[in-house]
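Let's take a friendly walk through a protein together.

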Amino acid sequence: MKFFVLQPSSGSSHETAFVPLEPQFKEGLTCPACGRALTEKEWIPPLRAELFARGEGLGDVAFGPGLDLLVSERFLEGWRAEKLSGLHGLKEVEIRMVHPESAAPHSRYHLALAGYGMTQIDPKRSRVAREGESDCLQCMGGAEVTLVEGYTIDEPTWSGEDVFVPWGFGGCLVATERVLAMRDKYGLTNVTLVPTEAFVWKRS
């Protein structure tokens, strides 16, 4: 299986972002081994948001704070038709505002959340620099990631999800080649998939 980092299509005609409006939250996921927070607090109903079209129109995926996504009806239909897994929540979001107004949505959007399964990165085949000493073997807590110059998923640990957050680097969403096939089959927009081995990130 090939794995990719899921990112917005920066500079494209359908780059899209969202901001929650008057959000309410509950505690996010914590590491079962050490108790550290793994994700930001989880957004809970009522779900209201504003969308920002950075190009000519709205994309099928809107990226927001943390790792939260809004996905269009078209995305959701393709996801279900292809029987993919890993996204949960999938509650409809009330879109209160769209910027610019000319990009007003022709589709409903749904909140999509991804979680941790069992999948880990392979530290021996990944180029991930950390600052400090980790005191948790599961989440690598205590050591802050400062630089990523590609990483590899330890495939024997992969628990089958098509979108997930990997143990060892929780700063991004990882998608499988099945998501790539769905994107191309249904012509989904604002879905950039970078091979994990080519992914580069530096702490600002």
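## Val163 and its surroundings

Let's begin with Val163. Leaving aside neighbours within four places in sequence, Val163 is in contact with Trp79, Ser85, Gly86, Leu87, Ala114, Leu173, Val174, Ala175 and Val179. Keep in mind as you look around that this is a predicted model.

Which residues touch the most other members of the largest nonpolar core? They are Leu69, Phe75, Trp79 and Val163, out of 27 residues in that core. Both helices contribute: helix H1 (73–81) and helix H2 (177–186) each supply at least two residues. So do several strands, including E1 (3–7), E7 (69–72), E9 (109–114) and E14 (173–176). Strand E13 gives the largest share of this core, with three residues.

There is also a second, separate core, made of 15 residues. Among them are Trp43, Val98, Ala103 and Leu111. As a general rule, nonpolar side chains tend to be buried together in soluble globular proteins.

## A closer look at Ser126

Now find Ser126, in the loop between strand E10 (116–120) and strand E11 (128–131). Is Ser126 buried or exposed? Its relative accessibility is 13%, and the cut-off for buried is under 20%, so Ser126 counts as buried.

What lies around the side chain of this serine? One of its polar atoms is 2.6 Å from the backbone oxygen of Asp122. A polar atom of the Ser126 side chain also lies 2.9 Å from the backbone nitrogen of Thr152. If you set aside neighbours within four places in sequence, Ser126 is in contact with Ile121, Gly150, Tyr151 and Thr152.

## The whole protein

Time to zoom out. The protein has two helices and 16 strands. Along the principal axes, its C-alpha atoms fill a box of roughly 50 × 35 × 35 Å. A compact globule of 204 residues would have a radius of gyration near 17 Å, and the protein agrees with this because its own value is 17 Å.

How much of the protein is buried? Buried residues account for 45% of the 204 residues.

Technical notes. Residues are numbered from 1 along each chain as its sequence is written. This is a predicted model: local features need pLDDT of at least 70, side-chain atom pairs count only at pLDDT 80 or more; totals for chains, interfaces and linings use all residues. Side-chain values use heavy atoms; hydrogens and water are left out. Helices (H or I, at least four residues) and strands (E, at least two) are DSSP runs, numbered from the N terminus. Buried means under 20% relative accessible area, exposed over 50%, partly exposed in between (1.4 Å probe, protein chains only). A polar contact is a pair of N or O atoms within 3.5 Å; within protein, one must be able to donate a hydrogen and the other to accept it, and residues adjacent in sequence count only if both atoms are side-chain atoms. Contact means heavy atoms within 4.5 Å. A nonpolar core is a set of buried Ala, Val, Leu, Ile, Met, Phe, Trp, Tyr and Cys residues joined through side-chain atoms within 4.5 Å. The radius of gyration is taken over C-alpha atoms; the globule rule is 2.2 Å times the number of residues to the power 0.38.
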